[in-house]
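Welcome! Below is a short tour of one model, from a pocket lining to the residues packed inside. Please have your viewer open as you read.

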Amino acid sequence: MKNIIIASTSTVHGSGYLEYIMPELEILFKNTSEIVFIPYARPGGISHNEYTQVAKNGFSKIGKNVKGIHEFKNPVEAVKNAHALFVGGGNTFVLTYQLYKNDLINPIKEAVNSGTPYLGTSAGSNICGLTVKTTNDMPIVYPPSFNVLGLVPFNINPHYLDPDNSSKHMGETRETRIKEFHAYNTPPVIGLREGSWLRVKNNTVTLKGSLSARIFEYNKTPYEVNTETDLSYLK
């Protein structure tokens, strides 16, 4: 049974690391005291040790111990034996590259599909979808494939931003970019705004948080869904 939180971000404005979602994480990780953290996305290029310390500090508030996957001799065995997994944000291409390099795509998929609780934020949420083609990140490294975990049957666009009509910026909006994606690809895309998350229990996907999400389906007009909407119909 899948037991997943797919969060748009780790930190919302005016709040500390994971604070806005910590009550949900207490529930997600209630049956374990240790979480294996995958720091490969390296936000801002920080080291794996530095990033793991950030996660340790955050989860210490609810009495959970965090150990970085780079601290294990065998990353594959670490995932197989993990009681819980957390993949943090940063650069999605760097994360995907490292997951393939360490042969972790299938072990993570198998662990989560077998019931290991999983938290993803930002890049760690992007990889829950079918591909990383709807990330906002620069392709600073070249992973062997854009295919990722496929824990949900759609793609995700974390940090989704609505067009700002008062802005003088003339570049493409997120909606424009996702429409470009649908010129060549057919999977649905969820535009997940800051402070929102998807709660996945087995095959049920529910939008959580205080904000609506924007849904993009192939050959359809984009539309809004309210919080608590069951999104299991998307495929």
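## The second largest pocket

The lining of the second largest pocket divides by class into four nonpolar, four polar and four charged residues. Here Ala, Val, Leu, Ile, Met, Phe, Trp, Tyr, Cys and Pro count as nonpolar, Asp, Glu, Lys and Arg as charged, and the others, Gly among them, as polar. The lining residues are Met1, Lys2, Asn3, Ile27, Leu28, Lys30, Asn31, Thr32, His83, Pro117, Arg199 and Lys201. Helix 1 (22-28) and strand 8 (197-201) are the elements that give two or more residues to this lining. The space in the second largest pocket comes to about 180 Å³.

A word on terms: on a 1 Å grid over the protein atoms alone, a pocket is an open set of points where a 1.4 Å probe fits, with protein on both sides within 12 Å along at least five of seven lines, and lining residues have an atom within 4 Å of a point. Grid points are joined across faces, edges and corners, and a volume is the space filled by probe spheres set on the points. Helices (H or I, at least four residues) and strands (E, at least two) are DSSP runs, numbered from the N terminus.

## What you are looking at

This is a predicted model, in which local features need pLDDT of at least 70 and side-chain atom pairs count only at pLDDT 80 or more, while totals for chains, interfaces and linings use all residues. Residues are numbered from 1 along each chain as its sequence is written, and side-chain values use heavy atoms, with hydrogens and water left out.

Helix 4 (residues 92-101) is largely enclosed by the rest of the structure, because seven of its 10 residues are buried (under 20% relative accessible area with a 1.4 Å probe, protein chains only; exposed is over 50% and partly exposed lies in between). Those buried residues are Thr92, Phe93, Val94, Leu95, Thr96, Gln98 and Leu99. Their cover includes strand 2 (34-38), strand 4 (85-87), helix 5 (105-113) and helix 6 (123-126).

Both ends of helix 4 deserve a look. At its start, a side-chain oxygen of Asn91 comes within 2.9 Å of the backbone nitrogen of Phe93. Just after the helix, Asp103 has a positive phi of about 55°.

In helix 5, the buried residues are Ile105, Pro107, Ile108, Ala111 and Val112. Just after helix 5, Gly115 takes a positive phi of about 115°.

Gly124 sits in helix 6 and is buried, at 0% relative accessible area. Apart from residues up to four places away in sequence, Gly124 touches Val87, Gly88, Gly89, Leu95 and Tyr118 (contact means heavy atoms within 4.5 Å).

Asn155 belongs to strand 6 (residues 155-158) and is buried, with a relative accessible area of 1%. Which side chain does the side chain of Asn155 meet in a polar contact? The partner is Thr131, at 2.8 Å (a polar contact is a pair of N or O atoms within 3.5 Å; within protein, one must be able to donate a hydrogen and the other to accept it, and residues adjacent in sequence count only if both atoms are side-chain atoms). The Asn155 side chain also reaches the backbone nitrogen of Leu130 at 3.3 Å.
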